[in-house]
Amino acid sequence: MRLYYKTVRGIVRAVDDVDLNVEPGEAVGVVGESGCGKTSMANAIIKMLPSNVALYDGRIILDGLNIVELPEDEVRRKVRWRQISIVFQGAMNVLNPVIKVGHQVAEPLIIHAEMDRDEAYKIAMEKMKLVGLHEEVFNRYPHELSGGMKQRVVIAMALVMNPKIVILDEPTSALDVSIQAQIMNLLKKLKRELNISMIFITHDIALASDISDKIAVMYAGQVVEIGSAEQVLLSPKHPYTQKLLKATPKLTGEEKPEFIPGTPPDLVNPPSGCRFHPRCTYVMDICREKEPGRFEPEKSQRVMCWLYGGENE
Ligand code: SF4
């Protein structure tokens, strides 16, 4: 899948040939620095695109339908909220301040499923209970709720049409650490009990490790490494993944976190060859000239790096 934007500086290659597979009931963590294309990828999957799109192509297959080619009204009728829903980054801060939260949770059912209000309210109430909110919260306004409660409301809204996949874009980044832990426990419970698939987007690889069965590491609009959480966390192959893990503070031991040298690349003019080459300590001549292929150093662990195959072998 590819998603490029038109800007005054030129074409931004936000998502560039990303290949991701999400199995039923599986949580895939998508990690990487800010601006690496994580959120653009989420928008591409649910086909919520800004007006300055320059290119949106490839295949996003769900139950045999290619979302990329589906007309907007069909995406609205068949896919968005019903099959794939999303919790946007900072969504809890954009709850409508003058509408009771219960009604906001029920709104997708009233608007998209054309359900009558009583029935929609009943389902919304069930979902709110499912995410740990008390019945009386239904009739409160957003300003009467704590940050953690608002995030639960937004998660209930994402679940209200029983989607198969929920995309969570930095769902805990605006919360303090103790509330963050509660929301992570809630997400793990929902995954277990509802058997839904999740795409969990975060800049924090440690947080991703808490819920993910599989981890995809994004750099400069590309997935540079993907594998089981165990493979990526315990045996990272791509030099960027290794740096990300070394930059994560450890609770035990003497090891100090390291910085990743350099700055993230400009997606209007990404570096030639391997996009990580200006920051990579293992850089070779081929890395500057040719984009690496996707190699499989271990079964189901895929890496975009010349250290693991191709002309470097
Ligand atoms: Fe480093 Fe080369 Fe691998 Fe890129 S392809 S990560 S520059 S070794």
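Which residues surround the ligand? They are H238, P239, C274, F276, H277, C280, Y282, C287, P292, C305, W306 and L307, where a residue counts if one of its heavy atoms lies within 4 Å of the molecule. The model is predicted, so local features need pLDDT of at least 70 and side-chain atom pairs pLDDT 80 or more, while totals for chains, interfaces and linings use all residues. Residues are numbered from 1 along each chain as its sequence is written, and side-chain values use heavy atoms, leaving out hydrogens and water.

This shell around the ligand holds ten nonpolar residues, two polar and no charged; Ala, Val, Leu, Ile, Met, Phe, Trp, Tyr, Cys and Pro count as nonpolar, Asp, Glu, Lys and Arg as charged, and the others, Gly among them, as polar.

Now turn to the nonpolar cores, each a set of buried Ala, Val, Leu, Ile, Met, Phe, Trp, Tyr and Cys residues joined through side-chain atoms within 4.5 Å; buried means under 20% relative accessible area, with a 1.4 Å probe and protein chains only. The largest has 58 residues, and M41 and I84 have the most contacts inside it. Leaving aside residues up to four places away in sequence, I84 touches I45, I46, L62, I67, V79, P163, I165 and I167, a contact being heavy atoms within 4.5 Å. Another core lies apart from the largest one and has 41 residues, including V131, M184, L187 and I196. In soluble globular proteins, nonpolar side chains tend to be buried together.

Methods: Buried < 20%, exposed > 50% of the residue type's maximum accessible area, 1.4 Å probe, protein only.
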